[in-house]
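Dear colleague,

Please find below the structure that I am handing over to you. A summary of the findings follows it.

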Amino acid sequence: VTLARFSNEVEQLKDCFFELQPRILVLLKRCLFDSDDEVRDRATMLLDENNKEFVFGSLDVPLVNLETSLKNYEPSEEPFDITSVPKELKFQPLADKKAPGKKPTGLGAPPVVPASGVDTYEKLLSSVPEFLSYGKLFKSSAPVELTEAETEYSVNVVKHIFDGHIVFQYNCTNTIPEQLLENVTVIVDASEAEEFKVVASKPLKSLPYDVLGHTFVSFQKPQGVLAVGKFSNTLTFIVKEVDPSSGEADEDGVEDEYHLEDLDVVAADYMLNVGVSNFRNAWETMDPDSERVDEYGLGPRESLADAVNAAISLLGMQPCEGTEVVTNNSRSHTCLLSGIFIGNVKVLARLQFGLEKNKEVAMKLAVRSDNEVVSDAIHEIVASG
């Protein structure tokens, strides 16, 4: 595939096209005799001129949606129609049980929520009447752990992003067999998130031992604003003792609370990390007037890879064409990122890094998008990050 891409790029450079392309084609034709059938199949496809647009063109559907549609396609007289692939990327929760270990550190690309069972979150949220007026769900985050492993109560939270609201879904598990929890809710202190206002809270009526339950808190936020902040969380409940022999709970209970880790809403929460199949084509099809370019000093870093990972994590965008990988001892690197900003605005970013002798890292950032305001917003994220 790399040879074919190189051949396609050479074709745009007339001075060396006639000299280099025949040699590349010879190498591709030799792949037709490779012992690996997958290599032979790829070479056959790449040598066919009819597949050129498919291989090098811009794919305007999410790859996970294309994969799902191909898996569901049943061979028939009707050929597979790529226009039938949904262009909207949906998300579902991770496994119901929390994974062991501590909460994520935040460095590196944000975790991606699997695309199977795409309506799980939407169905769950639509069951709460208070949330029906919030409109279409833009994004659901991966679960963030708010408790350490092997504690009395296990709690993680999913951030659901809407245009004018954000809903925190707290997934709770009671790990004590001798206890029944009732009227379970999370008290959220948003004093460090001034742009958010609590508008609804849905407690969990009962939480028996080893049963996953959900409680929700929703906030109103300004539309069109990158509202960020820190939220303090306290799990409150009524605890009742359970008789191990009968399984019956006491009638009377005691009010109790359990302090959870803080939760941050960050700029990356407003970005879907959706890739493109051909970054160059996608970049050139965007309006050049939307491009914003600036340079930033990122301070001292242990390595160039550390700076690249930090930038990806900050923006929450999808690395393209393997450019998130930095070769050892590199002093310069270019990373290509793609995403969809809240409001369904497509965004592309080209980040060029340079490492000085004192380990100071400089970055040149160029952004194009469907909306100039969003291009400016991406630079504001970097400038304030």
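**Salt bridges, strands and cores**

D306 and R301 form a salt bridge, with their closest N and O atoms 3.8 Å apart. R301 is partly exposed, at a relative accessible area of 24%. Please note that the model is a predicted one.

In total, the structure holds 10 salt bridges. Another of them joins the side chains of K159 and D269, at 3.0 Å from N to O. This pair links distant parts of the chain, since K159 belongs to strand β3 (residues 153–161) and D269 to the loop between β11 and β12, 110 residues apart. Both K159 and D269 are buried.

A further salt bridge connects D376 with R292, whose closest N and O atoms are 2.9 Å apart. D376 is in helix α9 (residues 372–384) and R292 in strand β13 (residues 292–300), so the pair ties together parts 84 residues apart in sequence. D376 is partly exposed, with a relative accessible area of 32%, and R292 is partly exposed at 23%. Together with E372, R292 and D376 are linked in a network of salt bridges.

Turning to the strands, β9 (residues 229–241) runs antiparallel to β5 (residues 179–192), joined by 10 bridges. β9 also pairs in the antiparallel sense with β10 (residues 254–259) over 6 bridges, and 3 bridges join β9 to the antiparallel strand β11 (residues 263–265).

Within β9, L235 is the bridge partner of V186. L235 is also among the residues with the most contacts inside the largest nonpolar core, which has 64 residues. The residues that L235 touches include Y153, C172, V184 and Y258. A second, separate core has 11 residues, among them V128 and F131.

With kind regards

Definitions and conventions. Residues numbered from 1 in each chain as written. Predicted model: local features only at pLDDT ≥ 70, side-chain atom pairs only at ≥ 80, totals over all residues. Heavy atoms only, no water. Pairing = 2+ DSSP bridges. Helix = DSSP H or I, 4+ residues; strand = E, 2+ residues; numbered from the N terminus. Core = buried A, V, L, I, M, F, W, Y, C linked by side-chain atoms within 4.5 Å. Buried < 20%, exposed > 50% of the residue type's maximum accessible area, 1.4 Å probe, protein only. Contact = heavy atoms within 4.5 Å. Salt bridge = Lys/Arg side-chain N within 4 Å of Asp/Glu carboxyl O. Lists of a residue's contacts leave out its neighbours within four places in sequence.
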